[in-house]
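Student: I've got a protein model open and I'd like to learn how to read it. Can you walk me through it?

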Amino acid sequence: MSIIKALVYYGKEDLRLEDFPTPRIESGTEVIIKVHYAGVCGSELARIIGDAAIPLEHPVPHGHEFAGVVQEVGSRVTTVRPGDRVAVAPKTVCGICEDCRNDRVGQCANTRGFIGVKLPGGWAEYCKVEEQNVVKLPDNVSTFAGAFLEPLTVAVHGLRVGEYTPGGRTAIVGCGTIGALTLQAALAQGASEVTAFDSSGRALALAKEMGAHFTVCTTGDWRAQAWEQTGGRLYDTVFETGGAAFTEKAAIELTGAHGTLVYIGTPFSQIVFSPQEFEQINRKELWIRGSWQSYSTPFPGAEWPTAARLLPKIRLEGMVDRVIAPEKIFDALEDARAKRLHGKIMMRWDTAADPPPFAC
Ligand SMILES: [Zn+2]
Ligand SMILES: [Zn+2]
């Protein structure tokens, strides 16, 4: 049996670079992708070095943010062919449950698993997926940028479920990868005034370069600054993307009367509200909307082609901490533990893939 190199997830602090069987086409609807680039998501760091480890009966290559070139397709595949540059929508859905049939594919519980968690993912030389999970990249999108398609769809989905109207004042709370992408997606929709909040001066400087009109450092007196900047009106739309207790709570404070607050960030710690803090939701009569991943009907949803068209306009420079060979992931995880990362870890799985368009 021929083998490929893959990073297989076994559990907390247990990621292994090892041999994995080469995927083979077994049904007419399958597509094999030669992976070029694969990013590391915050959720993956949480699973590997944080407290979000998950038990898996059958360990498989991890990774759900990736792009590459189609290597081989099953006999019934019609939308892509060998040589096409593609990315992957990693969720799988049943298509027939009540949620799937009622425009809630993102909530389908009959899933076969998530590609890169339970199903073999993109931290490997090759990855086999179903045709419906393959998203063709436009001609002007490289496979390097294509590895950002999945996180960009998360931002696009947040704008979509929040029924974003760009005319008001917008706040982005948390400027990590998803925050920076949400900022840029909002600007691309014509946002007239966006304020970025983060505790890192570096992240805020980058947000400014990306087009944020104002930035506020949350280690300072952010309440007073927000108040002053908005004349006490606060923000019409707030996108929370940090997932930290601080950002989850600050987002409520920053949303103005009858404003919309979209929670995109996945919480990773306990969040405790005082009655007065929680009461702001009542007092200001806020619209609060959760946003989960990036899927809508028909699967995988309009988020995917929308994000693919948006990608060439997205500034990725400054968002990548390093581009590394897969075997260097362990050093990068060490830096993640020590909180020395400034941006995404990107793995280059094919040394023949076009290099990144900027130094990183
Ligand atoms: Zn992710
Ligand atoms: Zn379903």
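Student: How many salt bridges does the rule find across the interface of domain 1 and domain 2?

Tutor: A salt bridge is a side-chain nitrogen of Lys or Arg within 4 Å of a carboxyl oxygen of Asp or Glu. Here, the rule finds one across that interface. Before we go on: this is a predicted model, where local features need pLDDT of at least 70, side-chain atom pairs count only at pLDDT 80 or more, and totals for chains, interfaces and linings use all residues. Residues are numbered from 1 along each chain as its sequence is written, chains are lettered from A and ligands numbered from 1 in the order in which they are written, and side-chain values use heavy atoms, leaving out hydrogens and water.

Student: Where are the domains?

Tutor: Domain bounds come from an automatic or database domain assignment. Domain 1 covers 3-152 + 294-348, and domain 2 covers 163-290. Their centres, taken over C-alpha atoms, are 28 Å apart. Contact means heavy atoms within 4.5 Å, and twelve residues from domain 1 and eleven residues from domain 2 take part.

Student: What area is buried between domain 1 and domain 2?

Tutor: Buried area is the accessible area (1.4 Å probe) that two parts lose on being put together, summed over both. For this pair it's about 1,000 Å², with carbon and sulfur atoms giving 69%.

Student: Which residues does Lys128 touch?

Tutor: Leaving out residues up to four places away in sequence, Lys128 touches Pro23, Arg24, Ile25, Glu26, Glu30, Val31 and Ile32.
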